[in-house]
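This report describes one chain and one of its ligands. Please look at the sequence and the model first.

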Amino acid sequence: MPFTVAIVGRPNVGKSTLFNRLVGKKLAIVDDTPGVTRDRREGTGRIGDLEFKVIDTAGLEEAFDDSLEARMREQTEHALDEADITLFMIDARAGITPLDSHFADWLRGRDNPVILLANKCEGSAADNGIYESYGLGLGEPFPFSAEHGVGMNNVYDAIQPAYDKWMEENAALIEEEKLLAQVQTRTIINEEGEEIEEIDTSKSPLQIAIVGRPNVGKSTLINHFLGTERLLTGPEAGITRDSIALDFEVDGRKIKLIDTAGMRRRTKVNEKVETLSAADSRRAIRFAQVVCLVLDSSLMLEKQDLTIAKETIDEGRALIIVCNKWDAVKDRKEQLQKLADRMETSMPQVRGIPIVTLSAKTGRGTDKLFPAIFQLYENWNIRVPTGKLNRWLEQMTEAHPPPLAQGRRLRLRYMTQAKTRPPTFVIFANKPGDLPGSYLRYIANGIREDFGIDGVPIRVMMRKGE
Ligand code: GDP
Ligand code: GDP
């Protein structure tokens, strides 16, 4: 996905030297795919404010002296397929060799954008080579010295126009990646040396998706909130036609509303509408932390709704059920009972999923939605301290000991919360594989009840540990 730069050229022109300079010292993630790409080097390159992926095609040629050209071509071809821009390097001190010319001819026959870099230009010995290189037919050369770091501004100038153009063309994709990164957690090491995953929830906006079948009132609901809450302005605000997210603030908290309609506008027109809406909600769920599943209160929880609910839980996101058009419901008690029954039979694995009844049209009940979302989000981010968990585990196993397996008592030794978003717990046991599912459910339900983690998926995993 990132903007990708390939460095190509005959051996010894200085490709590796430039690669190392761009990538810095912690260079060279060696691609370990067997075969042709084995020794291709890749890394994250930086120059000024530009950040991109660099592929170095150096070091591939030597092993195949007899078919040097074929070998170069094969490797280069792979790099070019991936690259958004190709830096073709020459050694200006050595001048243009037949191999350079040959390479240039071949490059011109392809439709990759090529920039000509003249390396080793730290002194006047390069002047003649620079002059000769115009003859390659690849435009004006950008002179620099990879080894001495002279003229790196020229390399910047060579890359920047293509980079800017690419960033503009891929703005929507870049935005999507940012959204996804928000949902995914990063791993950090805590004071006790444990690896845990965290995200700074105070700074990043809460990402909410509003999903549901057509006509349940999603747009009406979104418009209601956009009409009553303060919209954020400035470059970060995504209120543009193509944006897939709307930014606003509720009670001083930043909200990013994933806009499926925005996604739809960007999807290809020739796709079928039905498949589109299913795909839309699936994508919105992936980008969201809290998913609001909107129902039409006269048709509580149809099959399609359940599919969306299940996808949300499977993805580990927090789910909230919004019963819209509550104004039009006659027997409210009966409808709520129907919903509760369907949830109990179809989604027993997550207890306490919040239900908010409201009317997007009249605005009645809409003030309950965000407090419910904030509470749910907190549950999704909850972290139970290890000491507390283990005292709890002891009580649980005492109250109801694990069963025997082949005559031997199963022992649950230790428990820790490995992750938040959703809360994920790991239990170390002597024979983890023998613990019945019913016992795991006993533990999971106990955690939910005793620590008050309602409405979000809870995961419990077993590991071996004496
Ligand atoms: P590659 O085979 O294209 O990857 O080339 P290398 O990066 O291995 O460089 C080949 C040789 O050229 C090495 O001895 C480098 O030290 C030298 N070299 C690289 N850049 C420069 C430069 O800017 N000026 C001079 N004079 N030598 C350079
Ligand atoms: P979407 O397809 O889910 O975005 O649904 P819309 O927001 O376009 O709404 C579909 C229809 O339901 C429209 O005619 C709305 O006026 C109507 N509608 C939306 N919310 C309510 C509500 O709270 N009560 C009633 N009675 N009708 C509503």
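The sections below cover the chain as a whole, its cores, the shell of a ligand and some of its strands.

## Basis of the report

This is a predicted model, in which local features need pLDDT of at least 70 and side-chain atom pairs count only at pLDDT 80 or more, while totals for chains, interfaces and linings use all residues. Residues are numbered from 1 along each chain as its sequence is written, and chains are lettered from A and ligands numbered from 1 in the order in which they are written.

## The chain

The chain has 466 residues, and 35% of them count as buried (20 or more other C-beta atoms within 10 Å of a residue's own, with C-beta atoms placed from the backbone). It contains 14 helices and 21 strands; these are DSSP runs numbered from the N terminus, with at least four residues of H or I for a helix and at least two of E for a strand.

Two residues are in contact if their C-beta atoms, placed from the backbone, lie within 7 Å. Of the contacts with a separation of 6 or more, 68% are between residues 24 or more positions apart.

## Nonpolar cores

A nonpolar core is a set of buried Ala, Val, Leu, Ile, Met, Phe, Trp, Tyr and Cys residues joined through C-beta atoms within 7 Å. The largest one has 60 residues, and Ile208, Val291 and Val322 are among those with the most contacts inside it. Beyond its neighbours within four places in sequence, Val291 touches residues including Ala209, Ile285, Thr312 and Leu319. A second, separate core of 40 residues includes Val23, Leu87, Ile96 and Cys121.

## Around ligand 2

Ligand 2 is surrounded by 15 residues, and the closest are Gly217, Lys218, Ser219, Thr220 and Lys361 (C-beta atom, placed from the backbone, within 6 Å). Helix H7, residues 218-228, gives the most to this shell, with 3 residues.

By class, the shell holds 4 nonpolar, 7 polar and 4 charged residues. Here Asp, Glu, Lys and Arg count as charged, Ala, Val, Leu, Ile, Met, Phe, Trp, Tyr, Cys and Pro as nonpolar, and the others, Gly among them, as polar.

## Paired strands

Two strands pair if DSSP finds at least two bridges between them. An open sheet of 3 strands has the order S19-S20-S21, with mixed pairing. Its edge strands are S19 (412-419) and S21 (459-464). Strand S20 (residues 424-429) runs parallel to S21, joined by 6 bridges, and Thr424 has Arg459 as its bridge partner in S21.

Strands S12 (residues 245-250) and S13 (residues 253-258) run antiparallel and are joined by 6 bridges. The bridge partner of Asp247 in S13 is Lys256. In this hairpin, which has 2 residues between the strands, Asp251 takes a positive phi near 50°.

Conventions:
Buried ≥ 20, exposed ≤ 12 C-beta atoms within 10 Å, placed from the backbone.
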